[in-house]
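Visitor: I would like to learn how to read some features of a model. Please take them one at a time.

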Amino acid sequence: MPYCSVDQARAAGCTGTDAEVAAWISAATEQIHRYTQQYFEPTVAVVVADVAPDGTALLPRRVRSVTSVTPVVSGDDAPSLPSSAYRVTSSEVLGGVDAVHLRWGGWDDLVAGAESYNGGWRGLFDRWGAEQARITGTFGYAEVPPLVAQACALLAAHIQAAAAPSDADSEAAPGLDVDDEGNNVRIENTSDEETTPVAPSASTGSTQVDALLVGYLNRGHSMIGGI
């Protein structure tokens, strides 16, 4: 989903038909995702997080729900934990933090290795030597924050201006078709296959946009997959 509307992008300086402006918005949205490594709409993803000594695994901002928690062990053959083995907190709740809290004091006598006499869930993790958990769930904001929408509109106009050729012989960047006036644009995916998540970038290409998005940067967690 694009992070801003065509009208917002036009107000920021984008020109062309609705389809052309939408293409610039799409390019800006992708670049913002690369820069922030953040989701601004509900998105299914897999996160690998360190488990602290107290059983807390901090997650990327705005966890919405968790469907499975699996210890990361050698051979990758550990079973997923039942929902009774952890609880989830979200920053959408005032004063909350996005995290999975493993119930170190809990147990399940029906799960081999997690019985009360074996140390419960804490004992299970210790025997596996697991220091991380693989968490599958839905992450992201319920709706695009206004500051991100503003940044997207500004970046769309910035990318369009940067792609405009300085003379008739100038070549557009890969994936861009620009006419002599610099305002007829077609943006295509130059790769035959999509990869998620995208590799992070050090900047959106605009220092102004970078400054707007600095509060949304997500650099502390390893994103290993998603849809």
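Visitor: In which element is Ala23 found?

Guide: Ala23 is found in helix α2; helices (H or I, at least four residues) and strands (E, at least two) are DSSP runs, numbered from the N terminus. This is a predicted model, in which local features need pLDDT of at least 70 and side-chain atom pairs count only at pLDDT 80 or more, while totals for chains, interfaces and linings use all residues. Residues are numbered from 1 along each chain as its sequence is written, and side-chain values use heavy atoms, with hydrogens and water left out.

Visitor: Does Ala23 count as buried or exposed?

Guide: Buried means under 20% relative accessible area, exposed over 50%, and partly exposed in between (1.4 Å probe, protein chains only). Ala23 counts as buried because its relative accessibility is 15%. Ala23 and Gln160 are separated by 137 residues in sequence, and their C-alpha atoms are 9.8 Å apart in space.

Visitor: How is the packing of α2 and α4 described?

Guide: Two packed helices are described by the angle between their axes and the distance between the axes. Axes are lines fitted to C-alpha atoms, for helices over the stretch in contact, and angles run from 0 to 180 degrees between N-to-C directions. Here α2 and helix α4 (residues 146–163) pack at about 115°, and their axes are 8 Å apart. That makes α2 roughly perpendicular to α4; angles under 35 degrees count as roughly parallel, over 145 as roughly antiparallel, 65 to 115 as roughly perpendicular and the rest as oblique. The crossing of α2 and α4 is right-handed. A crossing is left-handed if the near helix is turned anticlockwise from the far one by less than a right angle, and right-handed if clockwise.

Visitor: Which residues of α2 and α4 meet?

Guide: Contact means heavy atoms within 4.5 Å. On the α2 side the residues include Trp24, Ile25, Ala28 and Ile32, and on the α4 side they include Val148, Leu155, Ile159 and Gln160. The residues of this contact of α2 with α4 divide into twelve nonpolar, three polar and no charged. Ala, Val, Leu, Ile, Met, Phe, Trp, Tyr, Cys and Pro count as nonpolar, Asp, Glu, Lys and Arg as charged, and the others, Gly among them, as polar.

Visitor: What is the order of the open sheet of three strands?

Guide: Two strands pair if DSSP finds at least two bridges between them. The order is β2-β5-β4, with antiparallel pairing. β2 (56–58) and β4 (86–89) stand at the edges with a single partner strand each, so one side of each has no neighbour in the sheet. From one strand to the next, the twist averages 20°.

Visitor: Which residues pair with β5?

Guide: Four bridges join β4 to β5 (residues 99–102). Tyr86 has Leu102 as its bridge partner, and Val88 has Val100. Three bridges join β2 to β5, and Leu58 stands opposite Ala99.

Visitor: Which residues of β5 are buried on its two faces?

Guide: In a regular strand the side chains alternate between the two faces of the sheet. In β5, Ala99 and His101 are buried on one side, and Val100 and Leu102 are buried on the other.
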